[in-house]
Amino acid sequence: MSGGGTEAPVGCEAAQGGGGGGKKKDSQGFTGSPAHLIIKDLGEIHSRLLDHRPVIQGETRYFVKEFEEKRGLREMRVLENLKNMIHETNEHTLPTCRATMQDSLNQVLQRLQAATDSVRRLQQREQERKKIHSDLLIASEKQHVTQWEDFMKEQHSEQAEVDEEHRKAMEKLREQYAEMEKGLARFSAF
């Protein structure tokens with residue numbers, strides 16, 4: 001790169017760095033000069049050796065094209081199948097399910113209403129039965145209380161009668177024993 005190598009980059013810089021200046025030289029007819037051809041050859045060598053963008057771009061385009069062709073068809077089939085499934089679901093399955101569900105819900109609601117009415121009637125009967133039972137219990141309890149009160153009054157009156165009879169019997173016995181003592185006292189005085 002010493003000696004002649006310094007002229008190539010300067011010439012290359014002159015050809016590339018000038019921008020619009022290089023076009024003026026080409027338009028003036030300097031394109032046939034040997035320096036210009038060397039610079040052009042160096043540019044081509046540089047682009048082939050160091051600039052891989054065109055090759056990579058070509059490979060990338062080829063890869064994308066192959067990938068899109070192979071995968072794209074498969075993806076298109078999958079998307080088409082999904083679209084058909086969704087359409088079939090929306091058009092056939094959902095209305096059928098909705099109608100079936102509506103019929104079933106109506107039947108369930110009717111059965112639920114009937115069950116609710118039956119349960120309500122059973123509860124009313126049970127409440128009435130409990131009320132009658134509790135009324136009977138209250139009446140029976142009142143009757144037992146009055147019977148008990150009557151029994152206790154009767155017991156008190158019978159107790160009073162028995163006490164009176166006992167007192168009378170005790171009075172008779174005292175009188176009898178008092179007479180017997182008088183009779184014994186007479187006999188013991190002899």
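Let's start with Glu-126 and Arg-129. Both sit in helix 4, three residues apart, about one turn of the helix.

How exposed are the two partners? Glu-126 is partly exposed, at a relative accessible area of 32%. Arg-129 is partly exposed too, at 47%. The cut-offs here are under 20% for buried and over 50% for exposed, so 32% for Glu-126 falls in between. Likewise, 47% for Arg-129 falls in between.

Next pair. Glu-164 and Arg-167 are also in helix 4. Again the spacing is three residues, about one turn. Their side chains meet in a salt bridge at 2.3 Å, N to O. Glu-164 has 31% relative accessibility and counts as partly exposed. Arg-167 has a relative accessible area of 44%, also partly exposed.

Third pair. Which residue does Arg-120 bridge to? To Asp-117, side chain to side chain, at 3.4 Å, N to O. The cut-off for a salt bridge is 4 Å, so this pair qualifies at 3.4 Å. Arg-120 is partly exposed, with a relative accessible area of 43%. Asp-117 is partly exposed as well, at 27%.

Side chains of opposite charge can pair when their charged atoms come close.

How many salt bridges does a search of the whole structure find? Four.

Now, confidence. The chain averages a pLDDT of 80. Of the residues, 81% score at least 70. Where is confidence highest in the chain, and where is it lowest? It is highest in helix 4, at a mean of 88. It is lowest in helix 1, residues 7–17, at a mean of 41.

Look at the start of the chain. Over residues 1–29, pLDDT stays under 50. For that stretch the model has 11 contacts beyond four places in sequence. A word of caution applies. Where pLDDT is low, the predicted coordinates should not be read in detail.

Helix 4 is where the chain's confidence is highest.

How values were computed. Residues are numbered from 1 along each chain as its sequence is written. Side-chain values use heavy atoms; hydrogens and water are left out. Buried means under 20% relative accessible area, exposed over 50%, partly exposed in between (1.4 Å probe, protein chains only). Helices (H or I, at least four residues) and strands (E, at least two) are DSSP runs, numbered from the N terminus. pLDDT is the predictor's confidence in each residue, from 0 to 100. Contact means heavy atoms within 4.5 Å.
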